[in-house]
Amino acid sequence: MEELIHTFETNRHGIVDQILNYVSDESGLPQSIFVYGASGTGKTKVITSLIRHSIQNAIVVNCNECFSSKLLFETILNGVFDHKPSSENQYSPYAKCNSARDFFDELEHCDPSESYVIVIDAAEMLSKMEHNILPIFMRMQELSDLNVCCVLISTLHIDLMTPKDGLENTIVIYWPQYTQKEIFNIMLDKFDDYKAFVKKKLVVTDGDTVSDSEALVEAMDVNFFESFLHLFLNVTLRSCRNIRELLLTSRDCFQKYCEPIVKQNVAMTDIQKLYRNISDVLKNSTKKTFDSIEDSNQVTSDLGSTKMQQLELPFYAKYLLIAAFLASHNDAKLDKRLFMKNHGKQRKRLQDIKSKAVVNEKLSTQLGPKSFNLDRLFAIFYAIIDEKINLNCNLMSQIPSLVRLKLLTYVSGENNVMDGNARHQCTVGLELITQIGKTVGFNVPQHLCDFM
C-alpha cells in the first residue's frame, strides 16, 4: 500500500490519504464519495487499487460495461455475494434484478455487521439511466440500512449530473491533472518498454549474434531517454496531459528519434540533429492528436485587469468558447442567417442600410455581452464545427471548466444547468477570441452581426 501511495506527488498523496481515511473507518462509512476530474489522470486506477487493497468487501463496476440499471444491479450483487458467473452456472447472475426493489430485497440477505465499498466508474453514465438510479447510489446507505459507501468516479462535474436529492451527504473530491514532474516520472519508469519497442521495430537480428544496431539500442541509457522526454514534453504538455495519449504518441516518436542512431547516421550524443529529425513528425502528431497550439502563437488579451498569455484549451472547448462569444454578441434573430448555409435571400431595404451605419459605440462587441442559454450555445457550436459529434458528458464537462477559468460566467440558474435553464455570458474580448479562432481555422469576425 505504501508503494502505491508513494508514486504520487504531494497533491495526489493528500487526496489518496483523504479517500483512504474515509473508507477505512468501517464503523461509520460516509454515505457516498464523488470523485471527478479529467480523463487520463489515473483516478480510476489509483482509487480502485487503493480500495481493493484496503477493504475486504470492495466491489468495482464500470458503467460503460454495465450500461443498464439491470446489469448494474446484478453485477454489484455478484460482487457483494462473491458470485462468479461461469459455465457451471450457465453464466447466470447471483439474482435477477428487474427493478431497484429487487436489488434492495437481495441486499437484505447481507450481513449487517459487515462494511461494503462500491466503486462505480464512469458514473456520468448513471444520468442516462432511469431518473432514480443516481439518487439510489447517493443514498444507498440510508436505503439499505447497511454500512455501505458508494464511491462514484466521473469526468463530469457533479453539478451537471446530480439531482439535489442526496447531494447534501456526498463528499465531493476534485482529482487534479498530472503535473509535469509526475508525467515525466511515469514515462521515465517505462524506459525498458520503450527500448523493447525500438528493438522490435528497428533492430535486425542475425541469429544469436548481437548486431551493431542492437548494441546501439542497448547502449541507450536513462540520461539519453531523459533528454528525449524533455524535448517531447516541452511540445506536447502545452495542449495535453492525458497520460494514455502521451504514452502512445511518445512511443512512436521515440522510435523515430532512435532511427538515425540505429542506422548509424547520427551520433547518440548529437541531440540537436536527433530533434530536427523528429520535429516535423512530433509537430504533426501533436496537432492531430492534441490540437497543439502553434509555437509562434502568443495569445494576449485583457480580462478586466488580467492579461492572459498563451491560452491553452482543448479543441472542442475552443469551439464552445467561440460559440459562447457569438451567442453573447449576436442577436438571436440573426442566428439563422449567420450560421445556416441555406438561410434564404434577404432584401436590402433603405431601413436596413441605415441601421448598419451605426457609430462605433453602438456595435454589439462594444456594448458588452448578452446572456444565452445552453440550447442556443450548442446550436451555434454544431453549426460552426465541421465534425459530427454527439452531445456527451465530456463535451458538457467543458462548460464548468470554462466557468472556472472565468471565460464564461453564470448570469442566472447556476443550480439548473441540466434543466437547460441556466444562462451564461462570455467574458473574453474580440481580440482574444479572434486569436483562438485562428488556432482552429475559424474566422470569428465573419460570423458577427457587426461585420455583416
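**The charged pairs and their setting**

Tutor: Lys 199, with a relative accessibility of 24%, counts as partly exposed, a class that lies between buried (under 20% relative accessible area) and exposed (over 50%), as found with a 1.4 Å probe and with protein chains only. Before going further, please note that this is a predicted model, in which local features need pLDDT of at least 70 and side-chain atom pairs count only at pLDDT 80 or more, while totals for chains, interfaces and linings use all residues. Residues are numbered from 1 along each chain as its sequence is written, and side-chain values use heavy atoms, with hydrogens and water left out.

Side chains of opposite charge can pair when their charged atoms come close. The structure holds six such salt bridges, each being a side-chain nitrogen of Lys or Arg within 4 Å of a carboxyl oxygen of Asp or Glu. One of them joins the side chain of Lys 199 to that of Glu 218, with 2.0 Å from N to O. This pair links distant parts of the chain, since Lys 199 belongs to helix H9 (residues 191-202) and Glu 218 to helix H10 (residues 212-218), 19 residues apart; helices here are DSSP runs of H or I with at least four residues, strands are runs of E with at least two, and both are numbered from the N terminus. Glu 218 is also partly exposed, at 42% relative accessibility.

Why are Glu 259 and Lys 256 separated by about one helical turn? The reason is that they stand three residues apart in helix H12 (residues 243-262). An α-helix has 3.6 residues a turn, so residues three or four places apart point the same way. Glu 259 counts as buried, because its relative accessibility is 19%, whereas Lys 256 is partly exposed at 29%. Glu 259 also forms a salt bridge with Lys 263, where the closest N and O atoms are 2.9 Å apart, and Lys 263 counts as exposed at 52% relative accessibility. Elsewhere, salt bridges that share partners join Lys 195, Lys 199 and Glu 218 into one network.

Aromatic residues come next. One aromatic cluster is formed by Phe 191, Tyr 194, Phe 224, Phe 225, Phe 228, Phe 232, Phe 254 and Tyr 257. A search of the whole structure finds 21 aromatic pairs, where rings of Phe, Tyr and Trp (its six-membered ring) pair if their centres lie within 6.5 Å, and planes under 30 degrees apart count as stacked, over 60 as edge-to-face and the rest as tilted. Among these pairs is the tilted one of Tyr 36 and Tyr 174, at 5.3 Å centre to centre and 55° between the planes. It links distant parts of the chain, with Tyr 36 in strand S1 (residues 32-36) and Tyr 174 in strand S5 (residues 170-174), 138 residues apart. Tyr 36 is buried, with a relative accessible area of 10%, while Tyr 174 is partly exposed at 41%. Phe 103 and Phe 104 form an edge-to-face pair, again with 5.3 Å from centre to centre but with 70° between the planes; Phe 103 is buried at 0%, and Phe 104 is buried at 15%.

Further along, three strands form an open antiparallel sheet in the order S8-S10-S9, two strands being paired if DSSP finds at least two bridges between them. Strands S8 (372-373) and S9 (408-412) each have a single partner strand and stand at the edges, so one side of each is left without a neighbour in the sheet.

As for the chain as a whole, its secondary structure comes to 21 helices and 10 strands, and 46% of its 452 residues are buried. Among contacts (heavy atoms within 4.5 Å) with a separation of 6 or more, 74% are between residues 24 or more positions apart.
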